[in-house]
Each structure stands twice: as structure tokens, then as C-alpha cells.
Amino acid sequence: MTTKVGVIGMGFIGADHLERLTKTIANVEVTAVCDIVPGKAQKVLDEQGLKAKDYADYHDVINDPNVEVIVCTASNEAHYEIVMAALKAGKFTFCEKPLALDA
């Protein structure tokens, strides 16, 4: 069984997780990616020789029926909003630390 993953945030950490998800972890398919910088997610996909949907809005990744798991590697201040939206959508969610900037 393959787990279908969407990665939100394609900076250094996001690109690193993308590579790990596709090259190291078995039975994972990254089906969607997103970054707030136009073209950045597609550039990372191209650099790693991968194909996935490239969304401009993280809500589209979360709402994609072909995404079962969300990996949030966006900037720290965006973590809480993205993670809460993913959880409310019923998606399994992994978040880079921190979840929020304060208690």
C-alpha cells in the first residue's frame, strides 16, 4: 500500500523532506507540493526529477483527495494555521517544529 503525501513549504527543509520521502522511505508517493513563492515548488520537483501537482495555495493541497498525509515545512509562523486546517480536513499531519511561536 502506498501512502500519498502532500508537502507544504519547499524551502531547504521542505526540499530535504521531499528527497527523503521519495528516495528513502518505502511506499510513499508525493502527490502534491506547495510554496508561497511562485515557481519554487516546481523548481524543487524539477531538480529532484519528480512529478507531483504544484499548488499555489496550501488549502488546495489539503483538499486534494489524492493526498492522505500532510507534511508541513512552511515557515514557522505559518505552521499552526496549516496544521489546524489539515487536521480539520481529517488528514494525517507531520509538522516541523515549532507548531506555534508561543504557548
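Colleague: Which exposed residues sit on the face of helix 2 turned away from its buried side?
Modeller: This is a predicted model. Exposed here means over 50% relative accessible area. On helix 2, the face turned away from the buried side carries three names that pass: Lys-43, Asp-46 and Glu-47.

Colleague: And within what arc do the buried residues of helix 2 fall, seen down its axis?
Modeller: Helix 2 covers residues 40–48, and its buried residues are Ala-41, Val-44, Leu-45 and Gln-48. They line one face of the helix, because seen down the axis they fall within an arc of 100 degrees.

Colleague: Which residues of helix 4 are exposed on the other side from its buried ones?
Modeller: Start with the buried set of helix 4: His-79, Ile-82, Val-83 and Ala-86. These fall within an arc of 95 degrees down the helix axis, so they line one face. On the other side of helix 4, the exposed residues are Glu-81 and Lys-88.

Colleague: Which element gives the largest share of the lining of the largest pocket?
Modeller: The largest pocket has a volume of about 280 Å³. Helix 1 (12–23) and helix 4 (79–88) are the elements that give two or more residues to its lining. The largest share is three residues, and it comes from helix 1.

Colleague: How many residues in the lining of the largest pocket are charged?
Modeller: The lining of the largest pocket counts 21 residues. Twelve of the lining residues are nonpolar and five are polar; the charged ones number four.

Colleague: Asp-35 is one of the residues nearest the centre of the largest pocket. Is Asp-35 buried or exposed?
Modeller: Asp-35 sits in the loop between strand 2 and helix 2. The cut-off for buried is under 20% relative accessible area. Asp-35 has 11%, so Asp-35 is buried.

Colleague: What separates the C-alpha atoms of Asp-35 and Ala-100?
Modeller: Along the chain, Asp-35 and Ala-100 are 65 residues apart.

Colleague: How many disulfides does the structure hold?
Modeller: A disulfide needs two cysteine sulfur atoms within 2.5 Å. The sulfur of Cys-34 is 10 Å from the closest cysteine sulfur, in Cys-72, so that pair is too far for a bond. Cys-72 is in no disulfide either, with the sulfur of Cys-95 nearest at 4.4 Å. The number of disulfides in the structure is zero.

Colleague: What is the relative accessible area of Cys-72?
Modeller: Cys-34 counts as buried at 3% relative accessibility. Cys-72 is buried too, and its relative accessible area is 0%.

Colleague: Which residue has a positive phi although it is not a glycine?
Modeller: Most residues other than glycine have a negative phi. In this model, the loop between helix 1 and strand 2 (28–34) holds a residue to check. Its phi is about 60 degrees, and the residue is Asn-27.

Colleague: Which residues does the cis peptide bond join?
Modeller: Most peptide bonds are trans. The segment after strand 5 (92–95) contains Pro-98. There, omega is about -10 degrees, and the cis bond joins Lys-97 and Pro-98.

Colleague: How far apart in space are Gly-49 and Asn-63, C-alpha to C-alpha?
Modeller: Gly-49 lies in the loop between helix 2 and strand 3 (53–55). At 63% relative accessibility, Gly-49 counts as exposed. Gly-49 and Asn-63 are 14 residues apart in sequence, and their distance in space is 25 Å.

Colleague: Which strand holds Val-71?
Modeller: Val-71 counts as buried, at 6% relative accessibility. Its C-alpha is 14 Å from that of Asp-60, eleven residues apart in sequence. The strand, residues 69–72, is strand 4.

Colleague: How far apart in space are Gly-6 and Leu-101, C-alpha to C-alpha?
Modeller: Gly-6 lies in strand 1 (residues 3–8). Gly-6 is buried, with a relative accessible area of 0%. In sequence, Gly-6 and Leu-101 are 95 residues apart; in space, C-alpha to C-alpha, they are apart by 23 Å.

Colleague: Which feature does UniProt place at residues 4–102?
Modeller: The end C-alpha atoms of residues 4–102 lie 31 Å apart, and the span is 37% helix and 23% strand. The UniProt entry is unreviewed, and the feature it places there is "domain: Gfo/Idh/MocA-like oxidoreductase N-terminal".

Conventions:
Residues are numbered from 1 along each chain as its sequence is written. This is a predicted model: local features need pLDDT of at least 70, side-chain atom pairs count only at pLDDT 80 or more; totals for chains, interfaces and linings use all residues. Side-chain values use heavy atoms; hydrogens and water are left out. Buried means under 20% relative accessible area, exposed over 50%, partly exposed in between (1.4 Å probe, protein chains only). UniProt positions are given in the numbering used here, feature names are shortened, and annotations may be inferred rather than shown by experiment. Helices (H or I, at least four residues) and strands (E, at least two) are DSSP runs, numbered from the N terminus. On a 1 Å grid over the protein atoms alone, a cavity is a set of points where a 1.4 Å probe fits but cannot get out, and a pocket is an open set with protein on both sides within 12 Å along at least five of seven lines; lining residues have an atom within 4 Å of a point. Grid points are joined across faces, edges and corners, and a volume is the space filled by probe spheres set on the points. Ala, Val, Leu, Ile, Met, Phe, Trp, Tyr, Cys and Pro count as nonpolar, Asp, Glu, Lys and Arg as charged, and the others, Gly among them, as polar. The arc is that of the directions from the helix axis to the C-beta atoms.
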